[in-house]
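Subject: Structure for your review

Dear colleague,

My notes on it follow directly after.

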Amino acid sequence: MAERNRKRRSSFTFGEKLLFLAGILFCLVLITTALLGGLFARYTTRASGSDRARVAKFGNLTLTETGDFVMVDGRRTGIIIPGVDLNKKVTLSFDASEVATIVFVEVAAPGWDTQDTQTFTKDTHLSWHMADGWTYLPGTQYVYYKVLNPNTQLTDVDIIQDGVIHVSKDITESILKNLDNLNLSFRAAVIQNDGSLTPATAWDRLK
């Protein structure tokens, strides 16, 4: 009889087997949860603990132009007077972004020449300069940029130095009649930069 009792105690009853199996499953659940928790943390923000993606705030980019112009045939035309500088103020504003950005300005100046990418001239009669702080992008016609850290705002940043086109006092009426194709236009663009873009690769993406 004692021998049979020892054999019975050494084996599991059906209920004990269920409890044992439940215990193993519970341990596996704990291990799996721990592993999933580690993976989950890689794709969530530390602050919110949420796996929902959030779009970074991206500010407005605007160009504003004012100056000594009159409307001729629906076009804004400057009045050139010998020795009197022509006001042409072009400014850029950017409301900032939560991420790093690169801001570009493309200058279309088909009737102008430049030797140093910063000073634009028409013969010896007219000249203007790119404002300080803009870096020329090598290999482009006339593209300039600023690299901005997150949350950097630009307010009425000049594109033309002092907002002035210098006019020679020696310019004559006959010279004025021969001055053509002096149009100036500007285009601005901005791109987010996660650190992998150079100004050159960023501009290629914008083109």
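**Findings**

Lys-146 is placed over the face of Trp-134, 4.8 Å away from the centre of the ring. Please bear in mind throughout that this is a predicted model.

Aromatic pairs

The count of aromatic pairs comes to 7. In one of them, Phe-104 and Tyr-145 are tilted, with 6.3 Å from centre to centre and 50° between the planes. This pair links distant parts of the chain, since Phe-104 belongs to strand E5 (residues 101–108) and Tyr-145 to strand E10 (residues 143–148), 41 residues apart. Phe-104 has a relative accessibility of 0% and therefore counts as buried. Tyr-145, at 15% relative accessibility, also counts as buried, because buried means under 20%.

Phe-104 also pairs with Trp-203: the ring centres are 5.2 Å apart and the planes stand at 45°, so this pair is tilted. Because Phe-104 lies in strand E5 and Trp-203 in helix H4 (residues 199–206), the pair ties together parts that are 99 residues apart in sequence. Both Phe-104 and Trp-203 are buried.

Elsewhere, ring pairs join Trp-112, Phe-120, Trp-128, Tyr-142 and Phe-186 into a cluster.

The sheet and the helix across it

The antiparallel pairing of E5 with E13 extends over 8 bridges. Within it, Ile-102 has Ile-191 of E13 as its bridge partner.

Surroundings of Phe-94

Phe-94 is part of strand E4 (residues 86–94). With a relative accessibility of 0%, Phe-94 counts as buried. Which residues does Phe-94 touch, not counting those up to four places away in sequence? They are Gly-59, Asn-60, Leu-61, Thr-101, Val-103, Leu-148, Thr-152, Gln-153, Leu-154 and Val-190. For one of these, Leu-154, the C-alpha atom is separated from that of Phe-94 by 4.8 Å, although the two residues are 60 residues apart along the chain.

With kind regards

Methods:
Residues numbered from 1 in each chain as written. Predicted model: local features only at pLDDT ≥ 70, side-chain atom pairs only at ≥ 80, totals over all residues. Heavy atoms only, no water. Phe/Tyr/Trp six-rings, centres within 6.5 Å; stacked < 30°, edge-to-face > 60°. Helix = DSSP H or I, 4+ residues; strand = E, 2+ residues; numbered from the N terminus. Buried < 20%, exposed > 50% of the residue type's maximum accessible area, 1.4 Å probe, protein only. Lys NZ or Arg CZ within 6 Å of the ring centre and 35° of its normal. Pairing = 2+ DSSP bridges. Contact = heavy atoms within 4.5 Å.
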